[in-house]
Amino acid sequence: MAKYLLLKHYRGAPAPVNNVPMDQWTPEEISAHVQYMNDFAARLEKTGEFVDGQALAPEGSWVRYDGEGRPPVTDGPFAETKDLIAGWMVIDVDSHERAVELAGELSAAPGKDGKPIHEWLEVRPFLAAKPSTTECTFK
């Protein structure tokens, strides 16, 4: 089994087919979307393929260590992930093909007027093993 991260983006990916921002949906449309996501996760829990998933709140900040005795820097010249990433799901599946299959299903969550969004999801594998210090350094 291999773990994959399915990322739901607000922007940064090609536009979905049903490209109406969620703030223009009715409460019923939002409820139907959330129910689809919950039902999808529950189905994967039964097969043992669901690990975790969360929707993200719009608040957030960047933080960086800025030297001994100095306060952390809490902003920068970066794209805000709160503007880019709507949520995520971690799955544990037998193959990359299965991860892609599930991402395709998740992409069909209903949006405005109950029509499938057909949004683009990013499928990212977890590292299979911890990298050695000679293979990877974080700066």
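The entries below begin with the ground rules and then go from the loop to the core.

Entry 1, ground rules. I am working from a predicted model, in which local features need pLDDT of at least 70 and side-chain atom pairs count only at pLDDT 80 or more, while totals for chains, interfaces and linings use all residues. I number residues from 1 along each chain as its sequence is written, and the side-chain values use heavy atoms, with hydrogens and water left out.

I found Ser 107 in the loop between helix H3 (96-106) and strand S4 (121-125); helices (H or I, at least four residues) and strands (E, at least two) are DSSP runs, numbered from the N terminus. Ser 107 counts as buried because its relative accessibility is 10%, where buried means under 20% relative accessible area, exposed over 50%, and partly exposed in between (1.4 Å probe, protein chains only). Leaving out residues up to four places away in sequence, I listed Ile 117, His 118, Glu 119 and Leu 121 as touching Ser 107, a contact being heavy atoms within 4.5 Å.

Asp 113 counts as exposed at 55% relative accessibility, whereas His 118 is partly exposed at 39%.

I placed Asn 18 in the loop between strand S1 (2-9) and helix H1 (27-47), and its relative accessible area of 12% is why I call Asn 18 buried. The side chain of Asn 18 reaches the backbone oxygen of Lys 115 at 3.0 Å. Beyond four places in sequence, the residues in contact with Asn 18 are Gly 111, Lys 112, Lys 115, Pro 116 and Ile 117.

Which residues have the most contacts inside the largest nonpolar core? I wrote down Leu 44, Met 89, Ile 91 and Leu 106, in a core of 16 residues; such a core is a set of buried Ala, Val, Leu, Ile, Met, Phe, Trp, Tyr and Cys residues joined through side-chain atoms within 4.5 Å. At least two residues of this core come from each of S1, H1, strand S3 (85-93) and H3. Among the residues that Met 89 touches, I noted Leu 6, Phe 40, Leu 44 and Leu 106.

Methods:
A polar contact is a pair of N or O atoms within 3.5 Å; within protein, one must be able to donate a hydrogen and the other to accept it, and residues adjacent in sequence count only if both atoms are side-chain atoms.
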